[in-house]
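Subject: Structure for you to look at

Hello,

Here is the structure I promised to pass on. Please open it and keep it beside you while you read my notes below.

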Amino acid sequence: MKAFTTVTALVAPLDRANVDTDAIIPKQFLKSIRRAGFGPYLFDEWRYLDHGEPEMDCTNRPLNKDFVLNQPEYKGAEILLTRENFGCGSSREHAPWALDDFGFRAIIAPSFADIFYNNCFKNGLLPIVLAAEQVDALFKELVTGYQLTIDLAAQQIRTPNGRTINFDIDETRKFRLLNGLDDIALTLQQADKIKSYEIERAKRAPWLFSH
Amino acid sequence: MSGKTLYDKLWDDHVVHTEDDGSSLLYIDRHLVHEVTSPQAFEGLRLAGRKPWLQTRNLAVADHNVPTTDRAKGIADPVSRLQVETLDKNCAEFGITEFGMADVRQGIVHVVGPEQGATLPGMTIVCGDSHTSTHGASGALAFGIGTSEVEHVLATQCLVQKKAKNLLIKVNGKTGVGVTAKDIVLAIIGKIGTAGGNGYTIEFAGEAIRDLSMEGRMTVCNMAIEAGARAGLVAVDDVTIDYYRDRPYSPKGNDWFMAERAWQHLHSDADAKFDKIIEFDAASIKPQVTWGTSPELVVAVNENVPDPALETDLVKQQSMKRALAYMDLKPGLAITDIAVDKVFIGSCTNSRIEDLRAAAVVAKGKKVADNIKLALVVPGSGLIKLQAESEGLDKIFTDAGFEWRDPGCSMCLAMNADRLSEGERCASTSNRNFEGRQGYGGRTHLVSPAMAAAAAIAGHFVDITTWEG
């Protein structure tokens with residue numbers, strides 16, 4: 001997994017609450033059996049004026065000029081600023097895959113849906129929860145060329161005028177993200193504990209182990 | 001020391017190890033697999049040279065992409081076909097049981113699990129699908145996961161998790177006639193919002209929940225995720241035990257007696273402490289109809305489309321305006337004046353035998369209205385389809401002008417050929433009314449099976465509690 005340490009990047013504002021995973025990546029793209037290549041279809045129904053289908057070449061599709069990611073000043077944005085309950089809906093990991101493939105490294109919102117939040121960490125994408133007032137303040141001070149610096153080790157966001165905002169993240173997730181560690185390899189280091197658990201559990205619930 | 005909640009008990013029972021920061025390695029008893037969220041996970045195993053930790057703990061079924069007509073011809077869409085074939089190949093390669101498309105046990109993964117007794121009380125159950133919360137109806141801890149976690153469970157039979165908080169939702173008293181599990185859960189979401197359960201596991205309790213069949217409890221837990229909670233729970237009682245007796249994967253003989261005894265403890269202790277408790281009065285819940293593009297945008301059928309101008313929260317007001325524009329509705333319009341183009345009865349929320357019976361009662365001897373372009377009934381599994389046919393429900397539906405289809409997710413998310421066209425409006429028994437969910441530009445109103453069937457007959461929404469057909 002890609003590690004996340006410090007990122008300084010342009011911020012794109014997506015001023016909507018309850019952005020769901022069907023909006024982030026519509027279901028027709030979930031038919032892919034690959035993990036890469038979802039970036040061109042990120043927010044497909046909002047970004048384009050026509051109906052997108054898998055494998056479609058997006059270079060000549062008609063763009064919705066009003067959609068924030070189509071506006072030239074946000075080209076190259078790696079930080080997404082948005083409203084509460086971002087990523088609600090399905091468990092599709094295609095949502096963080098699409099955000100990552102598009103080039104986003106971090107998302108700032110007052111809250112995230114639980115499954116989406118969890119999925120981000122598996123893909124080197126950092127979801128940051130700030131108080132609704134802090135998010136609102138960032139929306140208000142956002143001007144053309146607005147950049148933020150996110151320092152994961154320090155758990156800090158630095159604004160262009162030098163203000164710092166602290167954020168919370170649990171230690172295990174932070175450690176794994178900072179080092180880009182593979183969760184499965186780490187868990188398999190505890191294989192003995194898993195086997196002991198199975199032996200002990202089989203005594204309590206033998207019906208689960210009888211076939 | 002205060003007692004434990006049901007969630008506390010299930011959690012404690014499955015912890016392999018806890019780190020200093022509170023994150024735990026949680027043992028997973030049952031992993032359900034479907035074609036959409038698993039190919040990249042199997043690919044990950046292959047690349048790392050890993051094998052499933054315990055093959056028998058996994059059960060696979062294709063549901064999202066499967067056609068609901070002409071099964072014998074296979075899947076027409078080559079992209080969908082490749083995904084289903086990839087599941088077949090992966091299951092064969094890794095030694096995982098799969099109910100293939102031609103198997104009578106095939107169906108929607110969350111319908112098949114309980115029906116087979118593959119998901120049991122007291123288990124931890126995961127699947128790469130957010131509606132895994134359904135299985136919590138049996139007093140199991142069940143939640144949806146992403147593809148990285150699918151791979152993690154396959155390889156280790158465990159997940160790294162942090163414990164959620166405890167939320168108790170009590171629905172007191174009895175519901176009125178014609179008010180179903182779907183109406184209860186929509187009313188709950190309407191009150192607490194789609195983020196109301198974020199960070200919580202919800203236990204549903206109270207007389208109205210106890211009065212529900214297992215099917216009804218599954219409908220309620222299914223939509224816990226629509227309230228933001230990864231998992232919903234209902235305590236075990238006789239209804240639960242009776243449901244699981246003699247299912248194909250249920251414990252047998254002495255195992256059954258031991259399991260039954262252990263399951264009796266699967267309820268919250270009387271002195272258990274919840275982080276939050278919300279109470280509802282069942283008698284005040286009316287049949288519900290969503291009007292917007294989020295399940296929380298819902299009203300009772302005898303109400304009108306709300307006016308965003310009356311909403312003081314500006315972010316919410318903006319969402320309401322956007323939803324009304326997408327849904328092409330005006331504030332003040334009576335819900336019963338909304339005409340629909342298509343009707344969908346199915347999905348992991350409402351495709352069980354009880355749902356089909358409720359819809360058939362409404363449809364019996366009637367005809368689908370002229371303005372309805374398509375009224376679909378899609379059973380949740382091949383076995384439910386057979387059961388319904390043995391009761392003559394298929395005949396009731398087809399006589400009334402409904403189409404009777406093969407099992408799958410179908411028009412809930414339109415990954416197969418069943419979908420809305422741009423601008424079409426649908427009365428749907430599914431779980432999500434998001435923009436484009438049932439087809440690009442399609443408009444979804446979530447309702448119960450009886451309400452959907454009545455909308456098909458009347459051509460517009462009607463209040464099932466007063467409607468005389």
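**The two sheets in chain B**

Start with chain B, where five strands make an open sheet with parallel pairing, in the order β5-β4-β3-β6-β7. Keep in mind that this is a predicted model. The edges of the sheet are β5 (97-99) and β7 (141-144) of chain B, and each of them pairs on one side only. Ignoring direction, neighbouring strands here are turned by 20° against each other on average.

Look inside this sheet next. Strand β3 (residues 30-33) of chain B runs parallel to strand β6 (residues 124-127) of chain B, and three bridges join them. You can find one pair by eye: B:His31 has B:Val126 in β6(B) as its bridge partner.

Chain B also has an open sheet of four strands. Its order is β11-β10-β9-β12 (chain B), and the pairing is parallel. The edge strands are β11 (231-233) and β12 (276-281) of chain B, each pairing on one side only. From one strand to the next, the twist averages 20°.

Strand β10 (residues 200-205) of chain B pairs with β11(B) over three bridges, in the parallel sense. Within that pairing, B:Ile202 has B:Gly232 in β11(B) as its bridge partner. A helix packs on the sheet too: α1 (residues 6-14) of chain B. Helix α1 of chain B touches β9 (165-172), β10 and β11 of chain B. The direction of α1 makes about 130° with that of β10(B).

**The nonpolar core**

The largest nonpolar core has 207 residues. Which residues have the most contacts inside it? They are B:Val343, B:Ala359 and B:Ala455. Helix α15 (residues 449-458) of chain B gives the most to this core, with nine residues.

Take B:Ala359 as an example. Leaving out residues up to four places away in sequence, B:Ala359 touches B:Ile345, B:Val377, B:Pro449, B:Ala450, B:Ala452 and B:Ala453.

**Chain A**

Now turn to chain A. It has eight helices and seven strands. Its C-alpha trace spans about 60 × 45 × 25 Å along its principal axes. Of the 211 residues in chain A, 42% are buried. Among contacts in chain A with a separation of 6 or more, 68% come from residues 24 or more positions apart.

**Where the chains meet**

The two chains touch: 58 residues of chain B are in contact with 47 residues of chain A. On the chain B side, the elements giving two or more residues include β1 (15-18), β2 (23-27), α2 (39-48) and α3 (78-94) of chain B. Which element gives the most to that side? It is α5(B), with six residues. By class, the side of chain B that touches chain A has 22 nonpolar, 25 polar and 11 charged residues.

Finish with B:Pro251. You will find B:Pro251 in the loop between α9 (238-244) and α10 (253-263) of chain B. Is B:Pro251 buried or exposed? B:Pro251 is buried, because 22 other C-beta atoms lie within 10 Å, and the cut-off for buried is 20 or more.

Leaving out residues up to four places away in sequence, B:Pro251 touches A:Trp207, B:Trp256 and B:Ala259. B:Leu120 is 131 residues from B:Pro251 along the chain, yet their C-alpha atoms are separated by 9.3 Å.

Best wishes

How values were computed: Residues are numbered from 1 along each chain as its sequence is written. Chains are lettered from A and ligands numbered from 1 in the order in which they are written. This is a predicted model: local features need pLDDT of at least 70, side-chain atom pairs count only at pLDDT 80 or more; totals for chains, interfaces and linings use all residues. A residue is buried if 20 or more other C-beta atoms lie within 10 Å of its own, exposed if 12 or fewer, and partly exposed in between; C-beta atoms are placed from the backbone. Two residues are in contact if their C-beta atoms, placed from the backbone, lie within 7 Å. Ala, Val, Leu, Ile, Met, Phe, Trp, Tyr, Cys and Pro count as nonpolar, Asp, Glu, Lys and Arg as charged, and the others, Gly among them, as polar. Two strands pair if DSSP finds at least two bridges between them. Axes are lines fitted to C-alpha atoms, for helices over the stretch in contact, and angles run from 0 to 180 degrees between N-to-C directions. A nonpolar core is a set of buried Ala, Val, Leu, Ile, Met, Phe, Trp, Tyr and Cys residues joined through C-beta atoms within 7 Å.
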